[in-house]
Amino acid sequence: MDLELARKALAEQPFSRLLGARLTEFGNGEATLEVDIRQELLQQYGFVHGGVVSYAADNTLTLAAATVVGPGLITSGFTIDYLRPATGEILRAHAEVVRAGRTRVVSRCEVSTVDTSGTQTLCAVAQGNIAVIDSAGSPGGRG
């Protein structure tokens with residue numbers, strides 16, 4: 001799976017289109033996803049909503065896994081720790097594969113914000129288990 005194919009898969013997700021997510025890096029066990037921070041993505045205190053931060057981590061964990069084992073993946077679980085409120089111009093999630101097995105991949109992700117001067121600020125960290133699914137959509141292996 002290459003960058004253009006991964007971008008096409010991301011574009012097929014209605015929620016990713018709604019958020020305006022874009023894939024900026026994809027390969028060698030790593031992936032980077034970005035979302036422009038805009039008013040509609042904020043919560044009542046002016047910070048990026050935690051659901052948007054979680055979305056970025058979730059998708060990027062799985063995209064990183066796809067660089068190693070290919071398509072046919074689904075997140076089977078992940079944890080996220082919010083470290084500080086997300087503010088800035090761009091929300092950037094960068095994930096890398098920790099271990100790739102036959103039926104599961106473990107990935108780690110850092111979610112940062114980027115301000116107008118280009119300074120990155122870490123706002124969340126996540127780790128996820130990604131399941132390899134078969135052609136019928138069932139976890140456990142390729143069909």
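One aromatic pair turns up in a search of the whole structure, where rings of Phe, Tyr and Trp (its six-membered ring) pair if their centres lie within 6.5 Å, with planes under 30 degrees apart counted as stacked, over 60 as edge-to-face and the rest as tilted. This is a predicted model, in which local features need pLDDT of at least 70 and side-chain atom pairs count only at pLDDT 80 or more, while totals for chains, interfaces and linings use all residues. Residues are numbered from 1 along each chain as its sequence is written, and side-chain values use heavy atoms, with hydrogens and water left out.

**The aromatic pair**
- The ring centres of Phe15 and Tyr55 are 5.5 Å apart and their planes stand at 80°, so the pair is edge-to-face.
- Because Phe15 lies in helix H2 (residues 14-19) and Tyr55 in helix H3 (residues 50-69), the pair ties together parts that are 40 residues apart in sequence; helices (H or I, at least four residues) and strands (E, at least two) are DSSP runs, numbered from the N terminus.
- Phe15 is partly exposed, at 43% relative accessible area, whereas Tyr55 is buried at 9%; buried means under 20%, exposed over 50% and partly exposed in between (1.4 Å probe, protein chains only).

**Cysteines**
- The search of the whole structure finds zero disulfides, a disulfide being a pair of cysteine sulfur atoms within 2.5 Å.
- The sulfur of Cys109 has its closest cysteine sulfur in Cys123, 9.5 Å away, which is too far for a bond.
- Cys109 is buried at 3% relative accessible area, and Cys123 is buried at 2%.

**Ile133**
- Ile133 is found in the segment after strand S6 (120-132) and counts as buried, at 19% relative accessibility.
- Ile133 and Ile80 are 53 residues apart in sequence and, C-alpha to C-alpha, 23 Å apart in space.
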